[in-house]
Structures are given as structure tokens and as C-alpha cells.
Amino acid sequence: IGGERRKFQTVKVPWRRDGEIIGVIGVSRDLTERLEAEAELSESRRQLSTLIDNLPGIVYRCAPMLPWPFIFMSEGATSLTGHSAGDFMEGRIAWADMVHPDDLDDLSRIITASIEERQPFSKTYGIITRSGETRWVMERGQCIYDASGTPAFLEGIIDDVTLQKHSEERLRWSAQHDPMTMLPNRRLFHERLDEALKRSGGNGRKVGLMLLDVDHLKEVNDTLGHDAGDALLQNVAQRLGTSARPNDTVARNGGDEFGIILPGLESERDLLMLIEPILARLKEPFAYGGHVIHCRASIGASLWPDHADGADDLVKQADIALYTAKASGRGKVMIFEPAMRMEARKRAQMRSSAREAID
């Protein structure tokens, strides 16, 4: 009708009479709609498969228990891991083998909890690729249950977030470090000091604290320029970094002040033994722009728990010792003593009285 082309299925059998074929009996069914529906379904499946295989990351379906063997995995596996989807689905490698050892237990706990609570899960963690490279991924998935409520399989998406993770780390690093010297800044310095006191509280060791002021930085800036002053600060930072022990923290607290956290000490004598070579190293002159710049510094130090109960007080005591060192002629080292606090209070009261007298 109307020239439309349709498809039929026909079944025919001979019609026999007295052993002779006298005709044909047949039945025909119009299959046009069914075949078109099957073709559309096949095309939809092809398009979905193409879409899934071209998505960044991995689309998967796997067993709900370790090591999470895969029932289905998209072709994005190759670019992310270096292993083909076939390697995973045929059992030549398991996903648990890819997860970074530091993250495997945590990932397993999160997935187990999500299955028990019947909630989706999301986790960012590291994987080790076939080439040995560490990459960061974010996995989002959920458990599918059978009719009896038993966990049947997990399905979800695994995205490569390595670039995002590195960007976050760079931002975090920038927020915690001084851009000129590349040392930890005041914020990270105080975090590290709190951590050092907590660790030492459990092992019976003492923590030393040094505050260091670069002497005559203003003179260098005024006579040779701020570039020379920056070079001086960078030189001090480099010398402090090479003089300190691997587990010490050297920080720039701002301006011409640096701080060093010295954990694992036994006594004040240990503190002095560490300070002396640092001060000697700082005194070595260096050349800049045809000029010889002499590097001098004043140092104030304190010791926990001998001089303070907490981090804030430890910093205050070191600061009082630093003030005393500078008032004594600069280029000196002073370790906090209780008498210094009284002297500092006396000087502060004298200044206040002088201002009031002038007013």
C-alpha cells in the first residue's frame, strides 16, 4: 500500500493428497516493526558503547568484594592505566593491584561501608600505572542488589584527576610557603611547631626553637638596592637549609626574621651545639653585583618544655631572647632565661613611661 517496503517471515509446507503434492500451505507474519525495533536497539547499543568507550576515564561494572574483578570495563582503561580493558576483564590484573598501597585499605573500608549502608560512594586516591607512574583518580560508584537484597555488583565511573590534584597541591604549597626563599611561611611554621611538640610529648624528647633576625638588612637595601637585599635573604635561607638537619623545619616568618624548629633534643647543650655551626655558616660573606656583602644575624632560642608549656609561649620566650641578643650588640646568640622576661617588661614599662612624659 502506497509503495511501502515491508518485511515478512513466511513458513511453507507442501500440501499432499494421496501422496502427491497438490499445493503449498503457508503462514506469513509481518516482522517489519519488530526488525526495525531490533535495529534501533542495536544502533542504540552501538552508540552507547561508542560513547562509553570515548568518555575520559573508565566506566565499569565489577564484583562487590576485593579484588573487585571486572564484569565490564570501558576502553578508557588503556589511556589511564596502561592496561587494556581485556586485561582486567580476563583476570590478568585486578583493580586492587592498581590502587596505591597507601590508599587500598581506606578505599576498601569506604566501599564496604557504602554496601552495608546502601549509599553511593566517592573517593579520591592514587593508582600506579603500568609504567610505574602515580596518578590520582576519583571513583564514584554504588552497589546494585539482586531481588533478594544480596549485593550483586558495583558500577560506577573512575576519572583521572591528576592535573586537578597537582593544581590543588601547588595552591596549597603557595599558601604555606614564602615565594622569595621557597621556605615554609609563618603559617606552616606554627603548624609544624604544634606537630613537633605533640610528637615530642610522647617520646620524652625536647624541642628547640630558634628565631633569627638578619642584621643590617635595611642598610643593604638602602646602599645596594632591594635586589641585593633579596639576594641576602635568599642566601640566608639557603645557608640555613643546608645547615639544618633533615628533620628540622626552617621557615621565613616575614621580613628579615627566620625560624628553625629543632626536635629530638636532650638538653640545652644540644641546642647550643646546633646553633653554633649555623651562626658560623651565616657569617661567611658572599659576592653580589661586584660587592661583598657581610651576612650577620642575631639569634634568640628557647627550649620546650624547659622554658614554656606550649607553642605560643615557646615563641614568646625565643622572641624575648632574640630581643636581648639584638640589644646586646647584634650578631649574638641568646638562650632564654627567666630574668630576660623581667628585663623585657622593665624596658617596655620605661618606654611607656617615656611616651607618657613626652605627651
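**The sheet and its loops**

Modeller: Let us begin with Trp-68, which is found in the loop between E3 and E4; please keep in mind that the model is predicted.

Biologist: Is Trp-68 buried or exposed?

Modeller: The phi of Trp-68 is near 60 degrees, a positive value in a residue other than glycine. Its relative accessible area is 3%, and since the cut-off for a buried residue is under 20%, Trp-68 counts as buried.

Biologist: Is Asp-18 buried or exposed?

Modeller: Asp-18 lies in the loop between strand E1 (8-17) and strand E2 (20-30), and although Asp-18 is not a glycine, its phi is positive, at about 55 degrees. Its relative accessible area is 76%, and because exposed means over 50%, Asp-18 is exposed.

Biologist: Which residue in E4 stands opposite Cys-62?

Modeller: Strand E3 covers residues 58-62 and pairs with E4 in the antiparallel sense, over 3 bridges. Cys-62 stands opposite a residue of E4, and that residue is Phe-70.

Biologist: Which strands are the edge strands of the open sheet?

Modeller: The open sheet has 5 strands, with antiparallel pairing, in the order E4-E3-E7-E6-E5. An edge strand pairs on one side only, and this holds for strand E4 (70-73) and strand E5 (121-128).

Biologist: At what angle to E5 does helix H5 run?

Modeller: Helix H5, residues 101-117, lies across E5, strand E6 (134-145) and strand E7 (151-160). Relative to E5, the helix H5 runs at about 155 degrees.

Notes. Residues numbered from 1 in each chain as written. Predicted model: local features only at pLDDT ≥ 70, side-chain atom pairs only at ≥ 80, totals over all residues. Heavy atoms only, no water. Pairing = 2+ DSSP bridges. Helix = DSSP H or I, 4+ residues; strand = E, 2+ residues; numbered from the N terminus. Contact = heavy atoms within 4.5 Å. Axes fitted to C-alpha atoms, helices over the stretch in contact; angles between N-to-C directions. Buried < 20%, exposed > 50% of the residue type's maximum accessible area, 1.4 Å probe, protein only.
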